[in-house]
Amino acid sequence: MLKKIITALLIALGFLLPWVTNSNYLLFELTMVWVYTVFIFGLNLLTGFNGQISLGHTAFYALGAYICAILCKDFGLNYLATFPIAAMAGFFAGFIFGYPMRKLNFLYLVLATLALGLSVPQLIKRMATWTGGTQGIILDPFSVPQFIHLNWSSWSYLYTFTIMLFCFWLLRNMTKGRYGRAINAVRDNDIAARAMGVNIGMTRAITFAFSAAFAALSGAMLTTITQFIAPDIFDFSFSIFIFIALIVGGVANFRGAIVGALFLQFVPPMAAELYPGAPMVIFAIILLFMAYFMPNGVIMGARKMKNRILEFYYDLWYHHKF
Amino acid sequence: MDYFLQQVISGLTNGLIYGSLALAIVIVYKSMDMINFAQGEMAMFSTFVAFTLLKMGVPYWLAFSATVVFAFFFGVLIQTLFIRPMQDAPQLTVFMTILAVFIGLTGLATVLFGADMYAFPSPIKPIEALQNKYFSTHVVAIFTTIILLFLAISSFFRFTKMGLAMRATAMNRTSSQLSGINTNFIVALSWGIASAIGAISGMMIAPSLFLDINMMATLLIYSVAGALLGGITSPLGAVVGGLLVGVIENLASNYIPFIGSDLKLTVALVIIVVVSLVRPAGLFGKHVVTRV
């Protein structure tokens, strides 16, 4: 009960934030956090719930971003209308990529997606007729709908936050029903899952497609916020960063996705400031720390730590044990 | 036809390098059922060590041998420090550790050696008789080295007691432990050997590319594609697969205009997917049946 009240309060606070703060920069940063959260949601579904892995989801992120940009610029579509189109395109692209990958085991999936992730900037540059090549696409500033009396940062914060919550709700429900049990079964024991009548290949391909859809949606949101996209945004280091963010948040933890997104938004600049030569070294240390001490993410790690501390005091109090 | 031949041979040259790195990957894979994604970065790091030694004025072959020895202990060290504690962890956690080694080495190399590109010297003086329009002396030298390396590794596995212990550990760790093999030592040893092979291939390819910190990132993907094509458990397969991948990649980028030189990685991607779907055991590998 208490948990529910706290969640409700946090969501209310999230919605009221544009009226609480007047720092547009803070709002922009949090907007980016919600964009990344949606991306990490997709990876959570893929890695945490289905046991697959992808280092190449940047490709679908880029796909969503470019679809949004092209539809707005060349077809004059409203930017909000591009979100469902981008998500659907991501779903289909994910299915086309994921279907042949459905039988790959973990290591080969790492490789195949690594190859995809490494070739994203080249692919974008190759399709220069649509994507504008290295120059990227610069969009005219978007406007806030007329009936809403807010400035652009508050408005963009609000719609990204809403979409993020919607995705959270969607995923919560998706992972509970038959489909949720099926993807968990495929992760834990695919032979047993098959014996239970789960179509393993299709389940894996569809999960890949769903996670790609979240990545594409997140990419489209990114375009509406930065209003400028170029191939360099989607280079391989971003794929690595987003993977580390996934690990920090915890692979099977949707609330952790927010933690991971906060990490992705705030830690890389800090790392670059702390150690300008090579922020990568810091990330390696963080990743090692996570692998050793909290392989299930910070939230689970903190919970485990709390239990251990409570146990310690319990023993101390009742059994006088040190 | 002449152009075609030239392309095949230049593909074979790349393929040799992929093959040697694939050999390193196969050795680690056999010892712990995991692809060492940091193999390329470890090789890059060792090559930079060789470069630093050469810059200090050390004669080439001395620097070469010193680097191979360094690479061996470097591999053992990384295995002992980072990978061994993860022995019984889930695959994802092991992968996290390897990824940490991967980006850590990239970062460390940036700090120590800078992000510039360097020309790396080749010790081979061109010999008139071996120099023609298809290949150069350097290629012949690489070819010879790789063949020797492969023979040495195969005979090590086949004829020495240590090699037997390594094969046993790969097959069944628990049983090997029960028969008195120090499996920790064996796994560390295989990391060391793999790292030394990686260093040799790094030093051999660096003269034809430029030496920089990202030299090995894409090379690794081709190598693993080669290892996979040849059968990830077979050293012979690794070399043959590497050669094949080199040729296929070079022909595809020259004869299919859409692929060109930018999208060569897609070729590796297609090879990985096709092999995994059509023949997961590769050309020379054995199909492994798992017990439920």
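## A walk through the cavities, a pocket and chain A

The largest share of the second largest cavity's lining comes from helix 14 (residues 298–319) of chain A, which provides three residues. Keep in mind as you look around that this is a predicted model. The cavity itself has a volume of about 40 Å³. To find it, look for Phe293(A), Met294(A), Pro295(A), Asn296(A), Gly297(A), Met300(A), Gly301(A) and Lys304(A), the residues that line it. By class, these are four nonpolar, three polar and one charged.

How many cavities of 30 Å³ or more does a search of the whole structure find? There are three. The largest cavity holds about 60 Å³ of space. From chain A, its lining includes Leu55(A), Val110(A), Leu114(A), Phe236(A) and Ile240(A), while Phe37(B), Phe95(B), Leu99(B) and Phe102(B) are the lining residues from chain B. Helix 4 of chain B gives the most to this lining, with three residues, and helix 5 and helix 11 of chain A each supply at least two.

Now turn to an open space, the second largest pocket, with a volume of about 1400 Å³. Among the 47 residues lining this pocket, those closest to its centre are Leu118(A), Asn214(B), Met215(B), Ala217(B) and Thr218(B). Which helix brings the largest share of the lining? That is helix 5 of chain A, with six residues. Several other helices also supply at least two residues each, including helix 11 (236–249) and helix 13 (279–293) of chain A, and helix 1 (2–32), helix 4 (91–113) and helix 9 (217–230) of chain B. The pocket lining is made up of 24 nonpolar, 15 polar and eight charged residues.

Let us finish by stepping back to view chain A as a whole. You can trace 14 helices and two strands in it. Its C-alpha trace spans about 70 × 50 × 45 Å along the principal axes. Because a compact globule of 322 residues would have a radius of gyration near 20 Å, the 21 Å of chain A agrees with that expectation. Of the 322 residues in chain A, 54% count as buried. Among contacts in chain A with a separation of 6 or more, 78% are between residues 24 or more positions apart. Lastly, the accessible surface of chain A is about 15300 Å², with 68% belonging to carbon and sulfur atoms.

Technical notes:
Residues are numbered from 1 along each chain as its sequence is written. Chains are lettered from A and ligands numbered from 1 in the order in which they are written. This is a predicted model: local features need pLDDT of at least 70, side-chain atom pairs count only at pLDDT 80 or more; totals for chains, interfaces and linings use all residues. Side-chain values use heavy atoms; hydrogens and water are left out. On a 1 Å grid over the protein atoms alone, a cavity is a set of points where a 1.4 Å probe fits but cannot get out, and a pocket is an open set with protein on both sides within 12 Å along at least five of seven lines; lining residues have an atom within 4 Å of a point. Grid points are joined across faces, edges and corners, and a volume is the space filled by probe spheres set on the points. Helices (H or I, at least four residues) and strands (E, at least two) are DSSP runs, numbered from the N terminus. Ala, Val, Leu, Ile, Met, Phe, Trp, Tyr, Cys and Pro count as nonpolar, Asp, Glu, Lys and Arg as charged, and the others, Gly among them, as polar. The radius of gyration is taken over C-alpha atoms; the globule rule is 2.2 Å times the number of residues to the power 0.38. Buried means under 20% relative accessible area, exposed over 50%, partly exposed in between (1.4 Å probe, protein chains only). Contact means heavy atoms within 4.5 Å. Accessible areas come from the Shrake-Rupley method with a 1.4 Å probe; for residues, only the protein chains shown count as cover.
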